[in-house]
Amino acid sequence: MNNATVYSLPARILHWAMALLILSLILAGLAMVQSLQVWQPTLMAIHKSFGFLALLLVTVRLLVRFVSQPPRLPASLSVPQKRIAHLSHVLLYLAMFAMPISGLLMQGAAGRPVEIFGLITLPSVVPQNLELYALFRELHGLTAWGLIALVLLHIFAALHHGLIRRDSVLNSMLGRKQ
């Protein structure tokens, strides 16, 4: 029986940290593809490092999700609404994995090293190949737009639950019992 009324503290910390990280990465990514300014290579290096950090954090987040029971959705939600909520979370997790993985594969196919905060260089798992680079770049870009849409949907749904429905959904991620 699931009696949790709020997400666990580790789940909440990971959620909000990743929210800031993902929004920052999206903004940096959009800035990089729109500019060839002198700061672009520096931003790219930072983007790669924090993208890898996002991959590590989403892995930890998924593990935390499996070991700590999330609160149940309100009984007032219909079955289709609950299914849509579940599907949107699955898609968010898939996108949070697909973004950094496609970025790593894209950089490997381009023959560019992925240095993590100047400490380690990740080995490429794909051969240097222009066609593969184009494929992974396209996948990275399409996934970015999908992630943006999912994040916006997630934010609007949270605000809908918190401001309009006034149910327990938003409060459960804010750590407030209802």
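Guide: A residue counts as buried under 20% relative accessible area, as exposed over 50% and as partly exposed in between, with a 1.4 Å probe and protein chains only. The model discussed here is predicted: local features need pLDDT of at least 70, side-chain atom pairs count only at pLDDT 80 or more, and totals for chains, interfaces and linings use all residues. Residues are numbered from 1 along each chain as its sequence is written, and side-chain values use heavy atoms, with hydrogens and water left out.

Visitor: Is His 47 buried or exposed?

Guide: His 47 is found in helix 2, where helices (H or I, at least four residues) and strands (E, at least two) are DSSP runs numbered from the N terminus. Its relative accessible area is 17%, so His 47 is buried.

Visitor: Which residues does His 47 touch, not counting residues up to four places away in sequence?

Guide: A contact requires heavy atoms within 4.5 Å. With residues up to four places away in sequence set aside, the partners of His 47 are Leu 25, Ala 28, Gly 29, Met 32 and His 140.

Visitor: In what order do the elements of the protein chain run from the N terminus on?

Guide: The protein chain holds 5 helices and 2 strands. Read from the N terminus on, they run α-α-α-β-β-α-α.

Visitor: Against which helices do the buried residues of helix 1 pack?

Guide: The buried residues of helix 1 include Leu 14, Met 18, Leu 21 and Leu 25. Their packing partners are helix 2 (40-67), helix 3 (79-109), helix 4 and helix 5 (168-174).

Visitor: At what angle do the axes of helix 1 and helix 4 cross?

Guide: Two packed helices are described by the angle between their axes and the distance between the axes. Axes are lines fitted to C-alpha atoms, for helices over the stretch in contact, and angles run from 0 to 180 degrees between N-to-C directions. The axes of helix 1 (residues 9-33) and helix 4 (residues 130-165) come within 11 Å, and they cross at roughly 135°.
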